[in-house]
Amino acid sequence: MLAKTLDGLNFISKLNALRIRNMIKIVGSYYYSKLFKKNHHRGMPISISIEPTTSCNLRCPQCPSGLRQFSRPTGMLDMNTYKNALDQVGPALTYLTLYFQGEPFLNPSFLEMVAYASQKKIYTATSTNAHYLDNSNCKNTIESGLDRLIISMDGITEESYKKYRIGGQLDKVMEGTKNLVTWKKKLKSKTPYIIWQFIVFGHNEHEVDEVKKLAKTIGVDHLALKTAQVYDYQTGSDLLPVNTKYSRYSFSKTTFAIKNKLLNHCWRMWQGCVITWDGKVVPCCFDKDASYRLGQLPDKTFTEIWQGASYANFRSLLLKSRKNIEICKNCTEGTSVWV
């Protein structure tokens with residue numbers, strides 16, 4: 001509880017008058033659009049995701065990076081592209097997720113990117129499979145100013161962990177987490193806020209109670225239980241848990257359906273977006289293949305894209321018929337993914 005409170009206070013410390021005014025604009029225009037079913041948008045993004053790389057060391061079966069099945073180019077974000085994008089988003093930005101697809105620590109400039117955002121007093125977060133959290137990287141991660149680190153921890157035995165994290169090693173995850181906890185204590189740092197993310201599958205749902213105990217023993221700040229996303233979920237999958245509490249899908253007769261009612265509004269479309277490693281601006285993290293490209297940096301400025309016709313048309317379409325937008329059909333916005 002103390003760690004969560006400190007994390008909240010850390011986030012609040014990043015706010016200033018400009019960022020608060022921007023939040024008010026975004027919230028106000030979102031609720032206006034939701035109420036009147038008419039696109040109205042004011043302000044700059046509150047949060048964005050920028051993709052350090054599409055490369056990954058693992059072969060997770062429900063991930064485009066793991067499957068090596070992207071329909072878009074793969075590659076590494078370079079510092080010039082990153083700085084140009086972040087500088088354009090402007091001083092109103094409050095929260096930056098340096099992650100989309102891939103393993104961010106594979107980018108040699110990743111921690112330099114974190115430090116650049118931290119210097120601008122932007123709250124920074126990322127997600128990792130923890131296979132590169134050696135002593136040196138953990139020390140450098142803390143010194144970079146990273147505010148939040150999500151570690152994928154999807155099994156408490158080697159067998160259950162490797163069922164999904166194909167090519168991974170559970171002992172690497174354990175060692176990396178311990179290294180990070182140790183260095184936080186050595187450097188007397190309150191950050192990053194360390195989250196173990198446990199995706200609940202059919203093969204590991206019996207481990208939920210044990211992973212809660214293990215998280216306390218290791219000393220992570222928070223354990224998050226997350227529901228699994230399955231692409232072809234309609235006919236079921238052995239990845240889906242039996243306990244529907246841990247599933248984002250409901251079962252009816254012979255088919256599965258997402259629990260989300262897909263109402264015609266979406267907070268994500270007003271408050272943020274994703275920028276891919278090569279400068280494509282896409283609506284959100286469910287557009288893994290960047291199918292809905294709303295603009296390209298540096299062909300246009302970020303403001304031109306954010307306030308442009310393509311974005312306005314996409315928001316208008318969502319307010320009319322969200323269920324007919326392909327990337328929305330497996331989306332959890334409006335329902336819980338953390339349990």
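Colleague: At what angle do helix α4 and helix α5 pack, and how far apart are their axes?

Modeller: A word on ground rules: this is a predicted model, where local features need pLDDT of at least 70, side-chain atom pairs count only at pLDDT 80 or more, and totals for chains, interfaces and linings use all residues. Residues are numbered from 1 along each chain as its sequence is written, and side-chain values use heavy atoms, with hydrogens and water left out. Helices here are DSSP runs (H or I, at least four residues), strands are E runs of at least two, both numbered from the N terminus, and axes are lines fitted to C-alpha atoms, for helices over the stretch in contact, with angles from 0 to 180 degrees between N-to-C directions. On that basis α4 (residues 79-89) and α5 (residues 110-119) have axes 11 Å apart and pack at an angle of about 25°.

Colleague: Why is α4 called roughly parallel to α5?

Modeller: Angles under 35 degrees count as roughly parallel, over 145 as roughly antiparallel, 65 to 115 as roughly perpendicular and the rest as oblique. The angle for this pair is about 25°, so α4 is roughly parallel to α5.

Colleague: Which residues of α4 and α5 make the contact?

Modeller: Contact means heavy atoms within 4.5 Å. By class, the residues in it are seven nonpolar, no polar and three charged, where Ala, Val, Leu, Ile, Met, Phe, Trp, Tyr, Cys and Pro count as nonpolar, Asp, Glu, Lys and Arg as charged, and the others, Gly among them, as polar. From α4 come Met79, Tyr82, Lys83, Leu86 and Asp87, and from α5 Glu112, Met113, Val114, Tyr116 and Ala117.

Colleague: How are α6 and α8 set against each other, parallel or oblique?

Modeller: Helix α6 (residues 135-144) packs on α8 at about 50°, with the axes 9 Å apart. Asn135, Cys138, Lys139 and Ile142 in α6 meet Gly176, Asn179, Leu180, Trp183 and Lys184 in α8. At that angle the two helices are therefore oblique.

Colleague: Which residue does a cis peptide bond join to Thr191?

Modeller: Look in the loop between α8 (170-186) and β5 (193-200). Lys188 sits in that loop too, with a positive phi of about 50° although it is not a glycine. The cis bond has omega of about 0°, and the partner of Thr191 is Pro192.

Colleague: And what is omega for the cis bond between Leu297 and Pro298?

Modeller: Pro298 is in the loop between β11 (295-296) and α11 (302-306). Its cis bond to Leu297 has an omega of about 5°.

Colleague: What is the volume of the largest cavity?

Modeller: On a 1 Å grid over the protein atoms alone, a cavity is a set of points where a 1.4 Å probe fits but cannot get out; a pocket is an open set with protein on both sides within 12 Å along at least five of seven lines, and lining residues have an atom within 4 Å of a point. Points are joined across faces, edges and corners, and a volume is the space filled by probe spheres set on them. The lining has nine nonpolar, no polar and one charged residues, including Cys266, Phe286 and Arg322. The volume is about 60 Å³.
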